[in-house]
Amino acid sequence: RDFGNSSYFFRKQIIADVLGIISMIVTLFIPLKKIERFKYAFLAIAIGVIFLVIPFGIESHGARRWIQVPIVGQRLQPAEITKLFMILFLAAMIDSMGNQLISSWKGFLFCMGIAAFASLLLYTLTDNLSSALIVFAIAFVMCFVAAADYKKYILLTVLGLAAAGGLVAYVASTEGASDGSFRLTRISAWLRPENSTETSAHQMLQGLYAIGNGGVFGRGLGQSVQKISVLPEPHNDMIFAVICEELGIVGAIALMIMFALMIYRMYYIARNTKDRFSFMIVSGVMAHFAIQIVLNIAVVTGSI
């Protein structure tokens with residue numbers, strides 16, 4: 001309907017799969033210990049790629065957070081490159097620090113400070129709050145996994161949850177976002193979706209309608225009604241709602257079980273790595289997948 005080609009998304013997915021498989025094969029032949037010394041190059045790439053949106057960025061959906069990749073014709077979010085290379089940088093940095101330094105406030109604040117800087121750049125240059133939070137959360141999990149003392153992480157987590165709870169309570173008490181802030185309006189819509197069915201809460205409500213339409217076993221693969229012109233971004237942000245509508249709660253649970261098995265395999269691989277650098281890379285990738293999966297499903301279902 002939108003692109004005049006029924007295989008438009010299939011073709012794009014095939015291109016992504018081919019590029020992914022090629023990248024995987026190349027990566028198999030890269031000795032990890034030899035690339036560990038390039039940690040500052042990883043950091044330069046993680047930070048530098050964000051600035052590409054200034055000269056080469058493509059504006060879409062009110063934000064400038066994509067660049068066009070030549071030849072293959074695919075769009076790419078620099079934020080995804082930042083996530084990968086921040087994991088490589090932090091893995092190498094944590095390995096070089098050793099247990100004592102990363103467990104100290106000095107080592108923790110150094111790693112988290114760099115992650116916070118990258119997150120701030122992502123938010124200010126690309127207006128991508130979710131990716132900024134994910135980069136910060138990945139760094140937090142990697143430091144947590146590497147450290148021997150967990151007290152500071154428990155304290156900071158409690159403080160973070162308290163701050164988030166306070167923000168929600170503030171929005172609830174003001175009957176909406178009086179200052180017109182987009183983020184506060186989103187929270188207000190989450191608290192009272194019935195007040196903004198055609199604006200801020202539209203996407204969430206349409207996703208919940210899709211989940212409800214699916215019932216237990218779903219309408220059948222490819223038979224979603226909501227994805228046709230009603231549900232915004234059905235092929236990416238809201239794809240879990242489409243899966244629920246087409247495959248039902250049974251299909252959604254099956255998908256979550258597959259995700260859980262994949263994350264468990266990463267945990268198993270991390271446990272069996274032979275050096276700290278490899279262990280930290282797997283831990284970072286595991287955190288990346290787990291955080292994005294939980295966030296996406298929670299947002300689509302209106303849980304957060």
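The model is predicted. Along the principal axes, the C-alpha atoms fill a box of roughly 55 × 50 × 45 Å. Buried residues make up 37% of the chain. The accessible surface comes to about 17400 Å². Carbon and sulfur atoms account for 69% of that surface.

Now the contacts along the chain. Take those with a separation of 6 or more: 61% of them join residues 24 or more positions apart.

**Secondary structure.** The chain has 12 helices and 3 strands. The strands form an open sheet in the order E1-E2-E3, with antiparallel pairing. Strands E1 and E3 are the edge strands, and each pairs on one side only. E2 and E3 pair over 2 bridges. Isoleucine 67 has its bridge partner in E3: leucine 76.

| Strand | Residues |
|---|---|
| E1 | 57–60 |
| E2 | 63–68 |
| E3 | 75–76 |

Helix H3 covers residues 39–48. Which of its residues are buried? They are Lys39, Phe42, Leu43, Ala46 and Ile47. Seen down the axis of H3, these buried residues fall within an arc of 125 degrees, so they line one face of the helix. An α-helix has 3.6 residues a turn, so residues three or four places apart point the same way. What do the buried residues of H3 pack against? Their partners are helix H2 (32–35), helix H5 (78–103) and helix H6 (105–126).

**The cores.** The largest nonpolar core has 44 residues. Within this core, Met86, Cys111 and Met142 have the most contacts. H5 provides the largest share, 13 residues.

Look next at cysteine 111. Leaving out residues up to four places away in sequence, Cys111 touches Leu90, Met93, Ile94, Met97, Ile102 and Cys143.

A second core is separate and has 13 residues. Among them are Leu231, Met238, Phe240 and Leu255.

Conventions
Residues are numbered from 1 along each chain as its sequence is written. This is a predicted model: local features need pLDDT of at least 70, side-chain atom pairs count only at pLDDT 80 or more; totals for chains, interfaces and linings use all residues. Side-chain values use heavy atoms; hydrogens and water are left out. Two strands pair if DSSP finds at least two bridges between them. Helices (H or I, at least four residues) and strands (E, at least two) are DSSP runs, numbered from the N terminus. Buried means under 20% relative accessible area, exposed over 50%, partly exposed in between (1.4 Å probe, protein chains only). The arc is that of the directions from the helix axis to the C-beta atoms. Contact means heavy atoms within 4.5 Å. A nonpolar core is a set of buried Ala, Val, Leu, Ile, Met, Phe, Trp, Tyr and Cys residues joined through side-chain atoms within 4.5 Å. Accessible areas come from the Shrake-Rupley method with a 1.4 Å probe; for residues, only the protein chains shown count as cover.
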